[in-house]
Amino acid sequence: MSTAMNFGSKSFQPRPPDKGSFPLDHFGECKGFKERFLKCLRDNHFENASCRNESKEYLECRMERQLMAPEPLEKLGFGDLIDGKSETKSEP
């Protein structure tokens, strides 16, 4: 019977969320970015390729406010949108 109600022996060890999951934005810090992204999706018949800039801005907001783990934008698929680069290559 010594094992029952033994709360002091084990302590909870928090761990970071699995990749792809992140805390909810309880305070609405990135709500404006999210709304612009969702509006873009609705306006473009949910073609996410048309809303890549809005998606990038939303993820940047989440990373800046520690609502998700910081990741290089190249790793998230936005390498072509960094520093004014466009999806089409300009000719020399």
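The text below treats the disulfides and their surroundings in turn.

This is a predicted model, in which local features need pLDDT of at least 70 and side-chain atom pairs count only at pLDDT 80 or more, whereas totals for chains, interfaces and linings use all residues. Residues are numbered from 1 along each chain as its sequence is written, and side-chain values use heavy atoms, with hydrogens and water left out.

A search of the whole structure finds 2 disulfides, a disulfide being a pair of cysteine sulfur atoms within 2.5 Å. With bonded cysteines counted along the chain, the disulfides follow the pattern 1-4, 2-3.

| Pair | S to S distance |
|---|---|
| Cys-30 and Cys-61 | 2.0 Å |
| Cys-40 and Cys-51 | 2.1 Å |

The disulfide between Cys-30 and Cys-61 is left-handed, because the torsion about its S-S bond is about -95°. Cys-30 lies in the segment before helix 1 (31-43) and Cys-61 in helix 2 (residues 52-64), so this pair ties together parts that are 31 residues apart in sequence; helices here are DSSP runs (H or I, at least four residues), numbered from the N terminus. Cys-30 is buried, with a relative accessible area of 0%, and Cys-61 is buried with a value of 1%, where buried means under 20% relative accessible area (1.4 Å probe, protein chains only).

For Cys-40 and Cys-51, the torsion about the S-S bond is about -95°, so this disulfide is left-handed. Cys-40 lies in helix 1 and Cys-51 in the loop between helix 1 and helix 2, so the pair ties together parts that are 11 residues apart in sequence. Both Cys-40 and Cys-51 are buried.

Methods. Helices (H or I, at least four residues) and strands (E, at least two) are DSSP runs, numbered from the N terminus. Buried means under 20% relative accessible area, exposed over 50%, partly exposed in between (1.4 Å probe, protein chains only).
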